[in-house]
Amino acid sequence: MTTSVNIGMGTLPLRSVPTPSRTDVLLDELVTAIGLAPADAHRLQETRDIPRAMRRIIRMATHVGQSWTCWQDSAGQVSLVIAEMPPQVLWEKDGFVGLDIDRYAEDGELVGSGRWLRDQHGTWRRWGAN
């Protein structure tokens, strides 16, 4: 959706910012809650700032509807997490929310996978490995 704004001498189109999906919001919450991103890290949102191997993973994940977050710490180390919600039958009846995540290093190497569940009180805990 594009909106226009009148700036006096003309009209400029404004692109609306897409609303984050539920998975995007949960992924950001999980990364913060369990400390996946160091306190000194900043989020990388521009693909030009992300290593090439990670960009390939992000393209594939986006193509299949997965969410991602990428950050760089003060030492310059870049980390990527890809997430998707597991089938609802696994968590919906008990009030849990779940995410299946994969973590990647700068070279695109998979460094960890797991399923995380958030209970009714907002506490995240790991539930087995994928």
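Author: Start with a hairpin. This is a predicted model, and in it β4 and β5 form a hairpin with 5 residues between them. In the turn, G76 has a positive phi of about 90°.

Reader: In what sense do β4 and β5 pair, and over how many bridges?

Author: The general idea comes before the case. Strands of a sheet pair through backbone hydrogen bonds, either parallel or antiparallel. Here β4 and β5 pair in the antiparallel sense, over 6 bridges. As one example, T69 has V81 in β5 as its bridge partner.

Reader: How many bridges join β3 to β4?

Author: β3 and β4 run antiparallel and are joined by 2 bridges. The bridge partner of R43 is W71 in β4.

Reader: In what order do the strands form the open sheet?

Author: The order is β3-β4-β5-β6-β7-β8, which makes 6 strands in an open sheet with antiparallel pairing. β3 (42–43) and β8 (124–126) stand at the edges; each has a single partner strand, so one side of each is left without a neighbour in the sheet.

Reader: What packs on the sheet?

Author: Helix α2, residues 52–63, packs on the sheet and touches β4 (67–72), β5 and β6. The direction of α2 makes about 15° with that of β5.

Reader: Over how many bridges do β5 and β6 pair?

Author: Strand β5 (residues 78–84) pairs with strand β6 (residues 97–104) over 5 bridges, in the antiparallel sense. E84 stands opposite D100 in β6.

Reader: Which residues lie nearest the centre of the largest pocket?

Author: The lining has 12 residues, and P20, S21, D24, R43 and W68 lie nearest the centre. The elements that give two or more residues to this lining are α1 (22–34) and β4. By type, the lining residues divide into 4 nonpolar, 5 polar and 3 charged.

Reader: What pLDDT does the chain average?

Author: The chain averages a pLDDT of 83, and 79% of the residues score at least 70. Over residues 1–8 the pLDDT is below 50. Beyond near neighbours in sequence, this stretch has 18 contacts in the model.

Key. Residues are numbered from 1 along each chain as its sequence is written. This is a predicted model: local features need pLDDT of at least 70, side-chain atom pairs count only at pLDDT 80 or more; totals for chains, interfaces and linings use all residues. Side-chain values use heavy atoms; hydrogens and water are left out. Two strands pair if DSSP finds at least two bridges between them. Helices (H or I, at least four residues) and strands (E, at least two) are DSSP runs, numbered from the N terminus. Contact means heavy atoms within 4.5 Å. Axes are lines fitted to C-alpha atoms, for helices over the stretch in contact, and angles run from 0 to 180 degrees between N-to-C directions. On a 1 Å grid over the protein atoms alone, a cavity is a set of points where a 1.4 Å probe fits but cannot get out, and a pocket is an open set with protein on both sides within 12 Å along at least five of seven lines; lining residues have an atom within 4 Å of a point. Ala, Val, Leu, Ile, Met, Phe, Trp, Tyr, Cys and Pro count as nonpolar, Asp, Glu, Lys and Arg as charged, and the others, Gly among them, as polar. pLDDT is the predictor's confidence in each residue, from 0 to 100.
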